[in-house]
Amino acid sequence: MLADYSGIHSEVLYYVPYGKTHEVWNVKVTNTSDVKRSLTVSGYCEFTNENNYEQDQVNLQYTLFITRTYFDKNRIKQCINENVNKGATINGADAKLRMFALAGAEVSSYCGDKEEFVGRYHSYANPVGVESGDLGNKLNYNLNSCGALATKVELAPGETKEFAFIVGMKPDAEAAALVDSYADVTAKCKAEYEELVANWHKKLNHFQVNTPSAEFNSMINTWNAYQCFMTFIWSRAASLTYCGQRNGYGYRDTVQDIQGIIHLEPEMAVEKIRFMLSAQVNNGAGLPLVVFDFVPGNSGTPDDPEWVKMTGHPAYRADDALWLFPTVYKYIAESGNTDFIDEVIPYANGGENTVYEHLKLAIDFSMNHLGLHNMPAGLHADWNDCLRLGKKGESTFVAFQFYYAMNILREFATKKNDTEYLAYLDKVQPELYDNLQNLCWEDDRFIRGFMENGTVIGSKKDPEASMWLNPQSWAVISGLATKEQAEKALESVHREINSPYGVCVMGPSYVEHAFDGALMLLFNPGTKENGGIFSQPQGWIILAESLAGHGNRAFEYFMESSPAAMNDKAEIRKLEPYCHGQFTEGPESPFAGRSHVHWLTGTASTVMVGCVEGICGMRPDVNGIKIAPSIPSDWKEFTISKDFRGKHLSIKVENPNGAESGYVSLTVNGKLMEGNYIPETELADENDVVLKMS
């Protein structure tokens, strides 16, 4: 952060050192005037009173009276539950110690009480502590504590002084040692920042593109990738705005989020895959919520009343475990670690088995929960939490996922020569195919599903919600749709529910013709699941159009929903120009294009997959990688730098005739490949790859 005011230039770099649990505010102050200047520089933070945000908000008769602050040399210490002996707990509470410290300069005054710092009848715009130049050396006993430290700075013309504020939760001895380690602030902060930057560059450099689109480059190389890591690490669990109080990780959310980083850090991804496999119930389902203190083998399930009471999740969802299939496959295909399929992993509620058997059990769960037409039942919900089709209602979206899962498991079964299971798939998969084709295809679209009484949801005859996005995209992704169906369904999506800001999740919105179980009726038209532009499915429609060879359409959808393409519409979009939000208001809203609920959304992962596998055409499998771009026809050339199984690929795509997809030739280090596929055995440590498009 930079600022220039009255001849003073200031810079503040905020960062968390790599692998550490404290935050640093590195401050540089420069006198740009031609006279000597005397300044007081203050740093300020507010401490929470408990580590539980609900307690801090509602239990004020308790949380306001467990805190006090001290000043110790160069830091404010905040003590929580100070009287509890170290290592002990009372009624579940333990002692905690926070710190706000100054390194590289002397503290001239301090304050540990929020009211004293801000001042009565003052605000953050004019806090008394800053106005007076003296923080008053007041400390907190009960009520709201803070950390505020001031230092006096004398600056000759052109002189710069540097120091750092440090925030963390550390015991006394560790806090003192930490502050002492910043004795040479300049060298320490420089080294930490360079290490942090190098670590991020190392991650992001595993995949970099250089295309004619600055927006595409910015998102895929940096911002979309960064958001994928944030979502991978935090899932939806860190955002009060996203989901309110949450005591664990959503199963489908977390398994989907893993996909967004597999091409960048496959070995980082596999640790989370193991964790989520261990949260699979031994009936094949995923736990709807994986609590933070989850222990594999010792977990309750939605079949246990006490677990339901604790988590608030009363039933299984239809889609949770089905997300394991593309995620496991993408990891094995990217890494080449075929042994993973035989790794033994526990179940959530007891027992253990190989990854392969985990996946087979997920198939069993869906087969044991079929609806009226022998397609997967909707259960408590599929991906759309606002769609309750009932225990015997059926979701075509889940049916397409299920078909896709069978395709993936068929590959693994073939590798393992599991002829018995292949025979089983040969029996049940064609039955599912026939049901989807005969019951769910309607002229130019696939319906959304069936209610328990057999009523069709998403028929083109319906006055509302006659077109749904996900069945159309997943019919293509799953490989079930014929070429003719894919063309018709994708065109219907563009014609009926596309908008300048992305594709609506369905349309028209429910207002007067909703069915029982259409919870999206709670939202205004054009909002969230009720006809809004839900962001996560944008990645799926990008991928579907790419798989169909429609490069122009795939890129059109990318640009409509890409944050980087919204800089000239900032007053409409309002969200940051570098991160995806959960949804954008659709055409039926008077504020169409306004976006909401940023950062922790599965959109980061789905759009990354749609762009990397779809538009860029990077499609690895167990034995190598296919290169099959689907690009806008005006991209005459672009390059990709990709690390793959310890090898480096420098890929150049030439498109002189303005094709959207297809190829003429593929060479690796000058050798012509058969088709557009590179077997792993053809790769050297460094590889020059040239794909010529038709």
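The side chain of Asp 382 makes a polar contact with that of Ser 395 at 2.6 Å, and another, of 2.9 Å, with the side chain of Arg 448; such a contact is a pair of N or O atoms within 3.5 Å, where within protein one must be able to donate a hydrogen and the other to accept it, and residues adjacent in sequence count only if both atoms are side-chain atoms. This is a predicted model, in which local features need pLDDT of at least 70 and side-chain atom pairs count only at pLDDT 80 or more, while totals for chains, interfaces and linings use all residues. Residues are numbered from 1 along each chain as its sequence is written, and side-chain values use heavy atoms, with hydrogens and water left out.

Asp 382 sits in the loop between S16 and S17 and is buried, at 1% relative accessible area (buried is under 20%, exposed over 50%, partly exposed in between, with a 1.4 Å probe and protein chains only). Setting aside residues up to four places away in sequence, Asp 382 touches, among others, Arg 252, Asp 319 and Phe 397 (contact means heavy atoms within 4.5 Å).

Strands here are DSSP runs of E with at least two residues, helices runs of H or I with at least four, numbered from the N terminus; two strands pair if DSSP finds at least two bridges between them. S18 (residues 449-450) and S19 pair over two bridges, and Gly 449 stands opposite Ile 457 in S19.

What about charged pairs? The structure holds 46 salt bridges, each a side-chain nitrogen of Lys or Arg within 4 Å of a carboxyl oxygen of Asp or Glu. Arg 317 forms one with Asp 385, with the closest N and O atoms 3.4 Å apart. That pair links distant parts of the chain, 68 residues apart, with Asp 385 in the loop between S16 and S17. Arg 317 is buried at 12% relative accessibility, whereas Asp 385 is partly exposed at 32%.

Arg 445 and Glu 496 also meet in a salt bridge, at 2.6 Å from N to O. Arg 445 is buried at 2%, and Glu 496 is partly exposed at 34%.
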